[in-house]
Structures are given as C-alpha cells and as structure tokens.
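Colleague: I have a few questions about this fold. Please show me the model before we start.

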Amino acid sequence: MAPFRESIKRIARSMRTCEEWLELIRDLEEPIITARAPVGLELRWAHKGDLFAINALEGFVKETDFMEASLRKGDRCLVLEDDGGICAFAWVTFRDFRLALWYTLKLAPGWSYLVYIFVHPAYARQGIGSYLLGALMESLREGDYKGVISGMYNNWEASIGLHKKMGFRIHRRLSQCKILSILPTPPTEEAGSGNIADQSR
Ligand SMILES: CC(C)(COP(=O)(O)OP(=O)(O)OC[C@H]1O[C@@H](n2cnc3c(N)ncnc32)[C@H](O)[C@@H]1OP(=O)(O)O)[C@@H](O)C(=O)NCCC(=O)NCCS
C-alpha cells in the first residue's frame, strides 16, 4: 500500500474512540430474589403528576410531554417515595425502543425493556436499586411478561453490578465508534452469553 494512504489510515485510526453497549436479558421465569423493603419508603406506580420530578432526577434529558405520551402509550414507571419526594424510579416500556439513530430494539411479545433505573445519590448503596428492580420484575411476571431487557455502557460499574446481582446476563455487545468524537459509525455486533461476571470486563 502506498505510504501516504497508510499514514492517512493510521491517523484516522488514532482519532477513533469506541464504546461498547451491553444488552442484558433477564428471564422472568427464573427465581427472583426480592430484597427487604426499605424502611419508610413507599412503592407505587408513577402518574402524570410525578413526571416533572422524575425528569428532574434524570437531569432533564427528555421532554416531560414526551414522557407523558410514553405513559399514555403503555410505559410504566415504578417509583419509591420518601416523605413526599421521589428518591428512585424504574421506567419500563413494552414497545420497540429507539436506542440510536440506526438501532431500534425490537421487543418480541412478552418482553419488556428497562429504559432507566435511577436511585438518588443520597440513597445509594442501601439496597434500594435491588429492591426496586426486584419489585419491578415481580410485577412484570405477574403481568405475564417472560423477560426484561436492559442496556448500558460497559463502564457503568454500578449498573452492571446491580443487574448482575438481579440475575441479568449479557445477551450481546454493540460496539460503536466515533471519529474525533463527532462522527458516529454504525455499531458492530458481537454475540455474548453467560454471566456478566465472566464477560463484562
Ligand atoms: C445503578 C443504581 C441504580 C444502583 O442503585 P443502588 O440503590 O445504589 O443499588 P444497590 O444498593 O441495590 O446495589 C446493588 C448492587 O449494585 C452494585 N453497585 C451499586 N453501586 C455501586 C457503586 N457505586 N460501585 C460499584 N458497584 C455498585 C453492587 O454490585 C451492589 O451490590 P452489593 O451491594 O451487594 O455490592 C444507582 O447507582 C444509579 O442510579 N446510578 C445512576 C444511574 C444508572 O446508571 N442507572 C442504570 C442505567 S441502566
């Protein structure tokens, strides 16, 4: 190969940053270990009036109107409330979910997608995320759902730990690269199976 073309390729390679998106699945027919309910916190389904507070916890990354429309279309959000304030939530959808411009997660009948689970930092590491996710999985199973999918970047350690603890397994890995952090290139897929503990690092 001509030296010029080779050096251009080398420069392009050095400008690429890649990140890995993990897609995890949880078979709801497997046993669900439910954690003890956190003392003083109330578990309930979110309604329209909660959406601003949930959006604030998430850092206003969405429009509250969009969230309201999602609830109308059947999404559900389980919240934990402490003295009138929401301190944690888990949002789940039952419709295909657009994760990126080029990638829409298709949900088979009976499957759900955990859009986001969040615990306010003041309540972190007290078992609240485990309790909330366990309660959500129980309720999905009662609703005859057979599985839940979740997704996260491979450096989201807390989230990976939580999902691993709650019995999720890696289903596949999607690698997305960017040139100069601005030009995304479509993801390449690498199948994965087995426990997160074996495959996440
Ligand atoms: C992920 C998150 C929901 C966990 O909530 P939590 O209430 O702190 O979780 P728990 O106390 O139930 O911990 C469950 C497991 O998660 C892991 N974990 C939680 N926080 C962790 C941290 N800071 N570092 C490493 N692992 C962590 C541990 O494996 C833990 O199990 P252990 O306590 O037996 O060691 C919370 O950290 C959060 O909201 N993070 C920001 C949002 C996010 O990343 N959401 C996930 C998107 S998919």
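Predicted model: local features only at pLDDT ≥ 70, side-chain atom pairs only at ≥ 80, totals over all residues.

Modeller: Residues are numbered from 1 along each chain as its sequence is written.

Colleague: What percentage of the residues count as buried?

Modeller: A residue is buried if 20 or more other C-beta atoms, placed from the backbone, lie within 10 Å of its own. The protein has 201 residues. The buried share is 24%.

Colleague: How many residues are in the largest nonpolar core?

Modeller: A nonpolar core is a set of buried Ala, Val, Leu, Ile, Met, Phe, Trp, Tyr and Cys residues joined through C-beta atoms within 7 Å. Val79, Ala88 and Leu132 are among those with the most contacts inside the largest one. Its suppliers of at least two residues each include strand S4 (85–93) and helix H4 (128–142); helices are DSSP runs of H or I, at least four residues, and strands are runs of E, at least two, numbered from the N terminus. The core's residue count is 33.

Colleague: Is H2 parallel or oblique to H3?

Modeller: Helix H2 (residues 51–58) and helix H3 (residues 64–72) pack with axes 10 Å apart, at an angle of about 120°. Axes are lines fitted to C-alpha atoms over the stretch in contact, and angles run from 0 to 180 degrees between N-to-C directions. Under 35 degrees is roughly parallel, over 145 roughly antiparallel, 65 to 115 roughly perpendicular and the rest oblique. Therefore H2 is to H3 oblique.

Conventions. Buried ≥ 20, exposed ≤ 12 C-beta atoms within 10 Å, placed from the backbone.
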